[in-house]
Amino acid sequence: MGDSKEGGAESPPAGAAAREGLSLLSQGESEEPSAQGSALFLGGNEVKSRAVVKYSSAPPRTAFARLEEKTDLKLPPANWLRESAKLGPAGTTILGNSKKSKPFSSFGMAYDFIDSVGNDVDVVSDSENIKKLLKIPYSKSHVSMAVHRIGRTLLLDELDIQELFMRSSQTGDWTWLKEFYQRLIDQKWQRKKKSKEHWYQKAILSKFLYYSINGDGAAQPVPSAAEQQESSSSDQTNDSDGASWPAPFEMPSSVSEDPSASSQGSEPLEPSYIVGHVASAPKEQNLTTLFNDGENSQGLKNDFVRNILWTFEDIHMLVGSNMPIFGGGRYPAVSLRLRDNNKPINVLTGIDYWLDNLICNVPELVMCFHVNGIVQKYEMIKTEEIPNLENSNFSTKVIKDIAQNILSFLKSNCTKEGHTYWLFKASGSDIVKLYDLTTLCEETEDKYQNPFTMPVAILLYKVACNMMMKKNQNKKHYGTIRTLLLNCVKLLDKSRHPQIIASANYMLSELFQLDEPKKEESSESPLNENSDESYSEEEEEMPDSDENGSYSTSSDPSDDNKAVAIIKSVGELSVPEKYKSIHQIRPSCTFPVCHDTEERCRLVLSYVLEGLKSVDSSIKKESDLPAADPNTPIPLKYEDESTRGGPEGLEKQMALFLDKMGSLQKGNYSSQSGMIPGSWQHKMKLQLILKSSKAYYVLSDAAMSLQKYGRALRYIKLALQSHDTYCCLCTNMLSEVLLFLSQYLTLCGDIQLMLAQNANNRAAHLEEFNYQTKEDQEILHSLHRESSCQGFAWATDLSTDLESQLSVSCKCYEAANEILQFSDLKSQNPEHYVQVLKRMGNIRNEIGVFYMNQAAALQSERVVSKSVSTAEQQLWKKSFSCFEKGIHNFESIDDATNAALLLCNTGRLMRICAQAHCGAGDEFKREFSPEEGLYYNKAVDYYLRALRSLGTRDIHPAVWDSVNWELSTTYFTMATLQQDYAPLSRKAQEQIEKEVSEAMMKSLKHCDVDSVSARQPLCQYRAATIHHRLASMYHSCLRNQVGDEHLRKQHRVLADLHYSKAVKLFQLLRDAPCELLRVQLERVAFAEFQMTSQNSNVGKLKTLSGALDIMVRTKHAFQLIRKELVEEFDQPKSDESTPAADSSPSLNREEVVKLLSIFESRLSFLLLQSIKLLSSTKKKTSNTEDDVVLKTNKQIYSQLLRATANKSAALLERTDILVHLLDQLARGGSGGVQ
């Protein structure tokens, strides 16, 4: 549309614009809009008009020949009705002999300019129809037009009631409309014959134009009577039969049966494949050429000489015109008109001439006046002057208002896409009515009797295809495409047009992006941005009046209730903005935003099912198939697990599967329904089946994330059944499709693993697995027409056996991996390959752990038996094999962390093997066996490999700490067993002590006591225990060793060192008071042992003082014991319901009593020895400090004796007394010589 700037002062004169802009193109050329291809006309500076010739089949323009005055136009020229190079292939059409519109003329244009339909253009029509509409307020003649809506575009075609009813009386078609017409509009309908005057005027106009082309100005010899007769009949034929009405459109049978369909390769994911497949050359099932058979009679051909994109004010129109244009005036283009000098030009003629020139961008009109066929004179008029001619004055502004009002009226009321509307004004009437013929037709027996149905459906389909083909198309148009396709499907008879319905349903399924399940929110806003561009297939009925009450459906006698809308007076159309396009421009056509993945997939599957039904219905070999009811679930062949042979049976099924995959590469084809490879049915079914498998895969993935594992397995089963059918039909397996299969099997493996890990909810999973919707049954029924769908049965059975589930999961991953090896998929999809190997490593770890736990269970049950059973050994081998394969999987993708975890598990397996060998022999005679040592050392090796795999703690601190702890535990266990069950029959005591010491120190090395973590208290306890055990060992060596004084001194130092370290660590712990007490008592015993070897009283007194000092330091342990005893005593009173587990589990009352008794006896002994030594020393020397200590010790000893004498004292009471005594001892000093 020219904007206000284009209409401003800078625009060139009309003539200059025309010279610069409009040159009709040579035959068959088309011209896109450009600055050079357009011109701007200002009609009295009131309206803006811009015309761009999109296509022209006219030859280069020739100058018109000015006829001599007195030329008799009643005499035919020599070239009358004969072809000429000047006329070009358009023949007589360009000279106006075939002026009458064909019933589908707008569809022919729409097919040729599919890009414009639905978006850019408001109206597509013949220029004659446009003129007729704009002349409604000025004319009394009748108007009858068919109106169709495609998006925002209206298609206008003449609906010749006369011709229609003539056909009806001959064929019986359209009888319903004839009855309706007679009942409501014209009860006495009869065919009106055209007058002789009409044929006379038509003939002399034709002769005048031929004279003007001939150029010699003289009458030529008259053709023979036969030729005249021929020309006369030709005129009549062109006027009537040329626009003959088709019967309700039938698709040519050859189209649906033609087996030699497109030779294109299989392109599974491209909508363009389907678009191209159902819409190009005839042999390729092209919808564009579905109408080749008899398309002239159908009127679906674009046979206008010119197609022009005309912008009138803000209305964009694609107009077809056959107006003859000549050169030879003051401007390069003129239109030629013949006028009777006796009849002045009226307004209707003026509007007609003005609009023709505007539409065709012609700046000048040449009028030839005649009287009774004798040429009188010529007159030249500029286009912009036409509205001001005498007797034909009209306001261009009013014409603009009429155009805008009519368009608004139609857009407001022709809201249902695919419906045929009828705009009707009776001759001489002022009332314009709009009927919905589709609704009226549906009330009859055959709703497909409307002959517009098929062309409208095809146009909807083609517009949708065109939008789908555009790669840069924004998703905001998906709502538009969806509605176009839904309306197309709604119009068509499923039994007559299966191919288009199947294609449309496939395209509908393609609109939903299954591979973007997480992006609904981000895409919601652009999808809704097109509220003014979108439309709904089920638009709500709009009110029939705007704010001013312009539309009326009142009970006025002139109205009828069948009309959708009525213009009560044509005069209203001249009122500016009387009719506004008040309906919400297709508000509900925004693409449905499926926030739920399942909802989106279910929509896709519903379209896929409709597509499959269309394909299946078109395959005629139904009789060869066993009858199956789609409502009855198909019985699936289940085998008993015992006959299938568990994992061994799986191996066979896997081998068969891999053989099949190998044969797929060679392209074996096996359809049970008898589809011909390469036929449209075959290609379409392949695409639909692949789409269904993807939808089921996405559904399965969604169910998996919701932890609905039974449902997930059902969906992945359907996905794999779809894929199995695809494999049977496919003649050339694409790597992309193989990748899908690998992904499906990977997900199937995940589901089987999760089912194995959630065995406690098996009943619910089984119920979900066995449930089936009617839709799923029908899709499966369609699949079973082609294949047995059992190719992946081994992967999708819901087993109740844990081992079987884990094995199936593993086989799924292995199959997924094998598929990646078939072609170059591994290198093309490295991420998926890594994921598959990770899962293989993980499942092998799971199976390894499963077998390891089974072996451990067998071991715990084996109480009496002294030897390891064969079953245990078999389980070890299976477990070890799985771990080894898993480690290899993780190492092949450089996954050090997971490899370390599997090495750690292998180390644990070695420890279980070691433990299995420790039960042999009598408990009293038991020794640490060589087999135990072997397996523990192997365990150590695996743990060290795990650490080497990790490299440093930074890579994965948690795993590193875990491996370190396990390694420390292994060393500790080895050392403890060697210490407790020393193999003295095989090794010397010194060697054993050395090995124990080394193992303990290694355990200590891998026991991290400093890092703050949840495991820190355990590490501290372990380290304290190690120091305690080492100290005890050196203490024992010291007691039993005689001789080497240097070694004894070394042992004494080591024992003292380890005791002090053990005490420090135990003091850090709050839940090990007994261990702390025991270590301190051992230290006291160690001091006592040292005292026995001392001779001097001073030395003994010093040692005693140190021992008493150790006793004082045990106060911390007693305080912890006292605290726990108090808590234990208070707990039953405060809350009897609280389980005992809440109290500290570390306090063993028996052990406390035992340790308390030992402590009391040792403290009593030490105090007594101290008193004796201090008393004997006092006799020799006098020391005040010693006297104080002696006095304190005596008091404490006395109190201790009295306390121990009371045998009935409670444990808490005894603890309190000891804490009190230790306090006194600490204050009074514990010895004389410090």
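Reply: Rings of Phe, Tyr and Trp (its six-membered ring) pair if their centres lie within 6.5 Å. In this predicted model, ring pairs of that kind link Trp310, Phe312, Trp354 and Phe394 into a cluster, and a search of the whole structure finds 16 aromatic pairs.

Me: Why is the pair of Phe880 and Tyr942 called edge-to-face?

Reply: The ring centres of Phe880 and Tyr942 are 6.3 Å apart and their planes stand at 70°; since planes over 60 degrees apart count as edge-to-face, the pair takes that name. Phe880 belongs to helix 30 (residues 870-892) and Tyr942 to helix 32 (residues 930-950), 62 residues apart, so that the pair links distant parts of the chain.

Me: What makes Tyr942 buried, and what is Phe880 called?

Reply: Tyr942 has a relative accessible area of 13%, and buried means under 20%, so Tyr942 is counted as buried. Phe880, with a relative accessible area of 28%, falls between that limit and the 50% above which a residue is exposed, and is therefore partly exposed.

Me: Why is the pair of Tyr1059 and Phe1086 called tilted?

Reply: Their planes meet at 50°, with the ring centres 6.1 Å apart; because stacked pairs need planes under 30 degrees apart and edge-to-face pairs over 60, this pair is tilted. Tyr1059 lies in helix 36 (residues 1045-1068) and Phe1086 in helix 37 (residues 1073-1092), so the pair ties together parts that are 27 residues apart in sequence. Both Tyr1059 and Phe1086 are buried.

Me: How do you know that the charged end of Lys207 sits over the ring of Trp80?

Reply: The charged end of Lys207 is 4.8 Å from the centre of the Trp80 ring, and the definition asks for a distance within 6 Å and a direction within 35 degrees of the ring normal. Lys377 likewise lies over the face of Phe369, at 5.2 Å from the ring centre.

Me: How do you know that Asn361 is buried?

Reply: Asn361 has 0% relative accessibility, and the limit for a buried residue is under 20%, so Asn361 counts as buried. Asn361 is found in the loop between helix 11 (347-359) and strand 11 (364-371), and has a positive phi of about 60° although it is not a glycine.

Key. Residues numbered from 1 in each chain as written. Predicted model: local features only at pLDDT ≥ 70, side-chain atom pairs only at ≥ 80, totals over all residues. Heavy atoms only, no water. Helix = DSSP H or I, 4+ residues; strand = E, 2+ residues; numbered from the N terminus. Buried < 20%, exposed > 50% of the residue type's maximum accessible area, 1.4 Å probe, protein only.
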